[in-house]
Amino acid sequence: MYPGFFHTYNDGCVSNATDRCLLSPDDPSAQVSGACSQGVVSDYYVEVGSAQDVQTAFAFARRTGVALSLKASGHDYLGRSSIRGSLALWTRTLREMNYHASYPTSDGGNGTLSSVVHAVTLGAGVNLKEAYIFADQNNVTLIGGSSSTVTVSGGWTLFGGHSVLSPLYGMGVDRVLEFKIVTPDGILRNANAQENGDLFWALRGAGGAAFGVVLSTTIKVEPAMPLTVAAISFPPSPTNQLPFLELLIDESVSWAAEGWGGPLGSSYAALVHPGLLDLNATARTFSIIADYARGQQQPRQPSNVSSSTANSNATASSTAPSTLVD
Ligand SMILES: Cc1cc2nc3c(=O)[nH]c(=O)nc-3n(C[C@H](O)[C@H](O)[C@H](O)COP(=O)(O)OP(=O)(O)OC[C@H]3O[C@@H](n4cnc5c(N)ncnc54)[C@H](O)[C@@H]3O)c2cc1C
């Protein structure tokens, strides 16, 4: 079944002021005011299973003028995966996953082979949790985001894609080797450094469904690696968060230059570094914020300052809780 969207506010925010209804928090089926309607959730959707499904949808849109919308997980913060009155294309069932132990790449100039890398090809519906498990099974590290339900080949990659490992390994778009995409003229294309190079360039930054429906993405992966994790938090109060944010602003550029990345907030930092680092040196790197956190200790609520090591895919997903990021 075509599910709803991650952000419950989307429907209200993009609705007309006169086309909203308020539901009771105690009983969501009870209407408090206004007239409830379908809102921005499409009446009709296509569960995309092949390039041909997309080609048929594009032909339908050309013939009828009906707008198309494109959704993988529905996580888009601006509601761009839902359009009022559109025919929705839903890609979640495209779950192909293939591992390439040696994937040839070229520089795109004269087509000569430039290197051989490890890579994975992920269908457009594969989410980060599934991709991390698959990477673990193949003993490689996927550079990905924090939320287990965001799709790798959908909005995460197309809008840039940042990871706790990005300071050393780049953003999601930096790691793509090839897209398979149906463009609005209905043609299934490969876009890589040698084939449709201009489209390949545009797809790595234009965002969302700007150039068509991506069916799968082939992404460079790294060997499995240990990680060092520094997790620091303290009980927030009305006065202790702003000074902490100022410390983070002062320090975070140099941490990123050393290869540390991860979510930072007004009362926590959860930073990850590829490789096993000396824990005393790690403690020194973060001594300024660790000292600050210790100073915020309250009775029966001890501050939490810890440093540990872990495996790559598990940690990238499990030590950066999705609610803390973004
Ligand atoms: C809890 C949470 C945690 C997050 N953590 C991170 C993070 O750590 N790093 C990070 O970089 N971002 C993060 N994000 C942001 C997330 O990457 C974006 O919201 C992303 O756009 C979601 O992509 P999606 O395909 O899953 O969602 P959707 O809402 O389904 O799609 C997002 C956009 O991509 C388009 N799209 C989807 N699939 C395709 C396709 N196959 N072809 C073409 N266009 C497509 C849609 O039309 C829409 O415009 C997070 C978001 C949330 C809600």
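What follows is a set of questions and answers about the terms and the values behind them.

Colleague: What should I know before we start?
Modeller: This is a predicted model, in which local features need pLDDT of at least 70, side-chain atom pairs count only at pLDDT 80 or more, and totals for chains, interfaces and linings use all residues. Residues are numbered from 1 along each chain as its sequence is written.

Colleague: How many helices and strands does the chain have?
Modeller: There are 10 helices and 15 strands. Helices are DSSP runs of H or I with at least four residues, strands are runs of E with at least two, and both are numbered from the N terminus.

Colleague: Why is Leu227 called buried?
Modeller: A residue is buried if 20 or more other C-beta atoms lie within 10 Å of its own, exposed if 12 or fewer, and partly exposed in between, with C-beta atoms placed from the backbone. Leu227 has 23 such atoms within 10 Å, so it is buried. Leu227 belongs to strand 12 (residues 226–233), and its C-alpha atom is 4.6 Å from that of Pro274, 47 residues away along the chain. Across the 326 residues of the chain, buried ones make up 36%.

Colleague: Why is Asn139 called partly exposed?
Modeller: Asn139 has 13 C-beta neighbours inside 10 Å, so it counts as partly exposed. Asn139 sits in the loop between helix 3 (128–137) and strand 8, and has a positive phi of about 60 degrees although it is not a glycine.

Colleague: And what makes Asn196 partly exposed?
Modeller: Asn196 has 19 other C-beta atoms within 10 Å, and is therefore partly exposed. Asn196 lies in the loop between strand 10 (188–192) and helix 6 (197–203), with a positive phi near 50 degrees.

Colleague: How do you know that the span of helix 2 is close to the expected one?
Modeller: The expected span is 1.5 Å times one less than the number of residues. Helix 2 (residues 51–64) has 14 residues and reaches 20 Å from its first C-alpha to its last, close to the 20 Å expected.

Colleague: Which residues of helix 2 are buried, and which are exposed on the face turned away from them?
Modeller: Val54, Ala57 and Phe58 are buried in helix 2. They cover an arc of only 100 degrees around the axis, so they are on the same side of helix 2; the arc is that of the directions from the helix axis to the C-beta atoms. The face turned away from this buried side carries the exposed residues Gln52, Ala59, Arg63 and Thr64.

Colleague: Which residues come nearest to the ligand?
Modeller: Gly145, Ser147, Gly154, Gly155 and Gly208 do, out of the 33 residues around the ligand. A residue is near a molecule if its C-beta atom, placed from the backbone, lies within 6 Å of it. Helix 4 gives the largest share of this shell, 5 residues.

Colleague: Why is Gly145 called buried, and what does it touch?
Modeller: Gly145 has 24 other C-beta atoms within 10 Å, so it is buried. Gly145 is in the loop between strand 8 (140–141) and helix 4. Leaving aside residues up to four places away in sequence, Gly145 touches Leu128, Val150, Trp156, Gly161, His162 and Ser163. Two residues are in contact if their C-beta atoms, placed from the backbone, lie within 7 Å.
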